[in-house]
Amino acid sequence: MKDNHIISCAASHPQANWHEINWHKANQEVRRMQERIVEATQAGRWGKVRALQHLLTHSFYAKALAVRRVTESRGKKTSGVDGAVWDTPQAKSEAIMSLRRHGYKPMPLRRVRIPKKNGKTRPLGIPAMKDRAMQALYLLALEPTAETTADTVSYGFRPKRTCADAIGQCFNGLSRSTSAQWVLEGDIKACFDGISHSWLLANTPMDKTVLRKWLKAGYVEKGRLFPTDAGTPQGGPISPTLANIALNELEALLKTHWHNKNQKVHLVRYADDFIITGQLRKYWKLKSGQPWKSF
């Protein structure tokens, strides 16, 4: 009965007036489908996960919510390489119907550089509006699985988790007289730019064809087209979730190497910034140039 309901929810929907969409129902239907994905993930039924993700990404309500997200966010007036923005109800309605997997080809990202406090710049890759909406759509299907399998100590770019939560976790782990005495503070250099495409394609539980197209779309900077051979560029809705998936090994790695509670080794991670506590300083004496995955 539930599967029949999901299938009917995901069926094709006639062209709708943007202002006539029942957003309460849209949220309810998408949430119900996401709950089924969580259940399938917890049961290890990956074939069922893929089937439910397919239904969700073909759902009218999911497409409507994806368009709503990118047209009501802070970057709603920021265009990609095509210069297009969806700023009218008619454009938004037409956008919903344009979100199709068949024949989909993303445009290159528009590369911009944001100044940082240290004088350097952070490169952002701005997808075209349609590509942002497609990422938001597939994120609705990926996020339930990503959240179910995520590290418990990961706080950055996750729903219902904030920087304040990460600070609170740090306080809980360091404020007692019996807390660890040493803290290793780390930042993974060029994290978003260096993630392996082959690893993401092998380990991200989503449509591989669509993911590969995003990863290999390239970017345009100063009128030149550059290939993207690694990384998941900052600027798209799905990029932070992909980065979190890639970094989820860190907590398990620490538990494997330092499982004795007396060592008081604990991790708190916010995106690619993290701290690791330890009772003794010798835990952090690594060989020069030794990567964290070889601890």
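**Exercise 1. Find how helix α3 (residues 46–57) and α6 pack, giving the angle and the separation of their axes.**

Solution. Helix α3 (residues 46–57) packs against α6 at an angle of about 150°, and their axes are 9 Å apart. Helices here are DSSP runs (H or I, at least four residues), as strands are (E, at least two), numbered from the N terminus, and an axis is a line fitted to C-alpha atoms, for helices over the stretch in contact, with angles running from 0 to 180 degrees between N-to-C directions. The next step is to name the arrangement: angles under 35 degrees count as roughly parallel, over 145 as roughly antiparallel, 65 to 115 as roughly perpendicular and the rest as oblique, and α3 and α6 are therefore roughly antiparallel to each other. Finally, the contact (heavy atoms within 4.5 Å) is made by W46, V49, Q53, L56 and T57 of α3 and by L137, Y138, L140, A141, L142 and T145 of α6.

Two remarks apply to every exercise. This is a predicted model, in which local features need pLDDT of at least 70 and side-chain atom pairs count only at pLDDT 80 or more, while totals for chains, interfaces and linings use all residues. Residues are numbered from 1 along each chain as its sequence is written, and side-chain values use heavy atoms, with hydrogens and water left out.

**Exercise 2. Describe how α2 is placed against α3 and against α4.**

Solution. Begin with α3: the axes of α2 and α3 come within 8 Å and cross at roughly 165°, and the two helices are therefore roughly antiparallel to each other. In this pair α2 passes α3 in a left-handed crossing, and the residues V30, M33, Q34, R36, I37, A40 and T41 in α2 meet W46, K48, V49, L52, Q53, L55 and L56 in α3.

Turn next to α4: helix α2 (residues 23–42) and helix α4 (residues 60–71) have axes that come within 9 Å and cross at roughly 115°, and α2 and α4 are therefore roughly perpendicular to each other. The crossing of α2 and α4 is left-handed. On the α2 side the contact involves W23, K25, A26, N27, E29 and V30, which meet Y61, A62, A64, L65 and R68 in α4.

**Exercise 3. State how many aromatic pairs a search of the whole structure finds, and work through two of them.**

Solution. The search of the whole structure finds five aromatic pairs; rings of Phe, Tyr and Trp (its six-membered ring) pair if their centres lie within 6.5 Å, and planes under 30 degrees apart count as stacked, over 60 as edge-to-face and the rest as tilted. In one of them, the rings of F60 and Y61 have centres 5.7 Å apart and planes at 65°, so the pair is edge-to-face. Both F60 and Y61 are buried, where buried means under 20% relative accessible area, exposed over 50% and partly exposed in between (1.4 Å probe, protein chains only).

Another pair joins F157 and Y270, with 6.2 Å centre to centre and 45° between the planes, and this pair is tilted. Because F157 lies in the loop between α6 (129–148) and α7 (163–174) and Y270 lies in strand β6 (residues 266–270), the pair ties together parts that are 113 residues apart in sequence. F157 has a relative accessibility of 47% and counts as partly exposed, and Y270, at 28%, counts as partly exposed.

**Exercise 4. Locate F157 and K222, and state their phi values.**

Solution. F157, found in the loop between α6 and α7, has a positive phi of about 55° although it is not a glycine. K222 sits in the loop between β4 (219–221) and β5 (224–226), and its phi is near 55°, a positive value in a residue other than glycine. At 82% relative accessibility, K222 counts as exposed.

**Exercise 5. Decide whether T241 is buried or exposed, and list what T241 touches.**

Solution. T241 is found in helix α11 (residues 239–247), and at 9% relative accessibility T241 counts as buried. Leaving aside residues up to four places away in sequence, T241 touches L139, L142 and A146.

Note on methods:
A crossing is left-handed if the near helix is turned anticlockwise from the far one by less than a right angle, and right-handed if clockwise.
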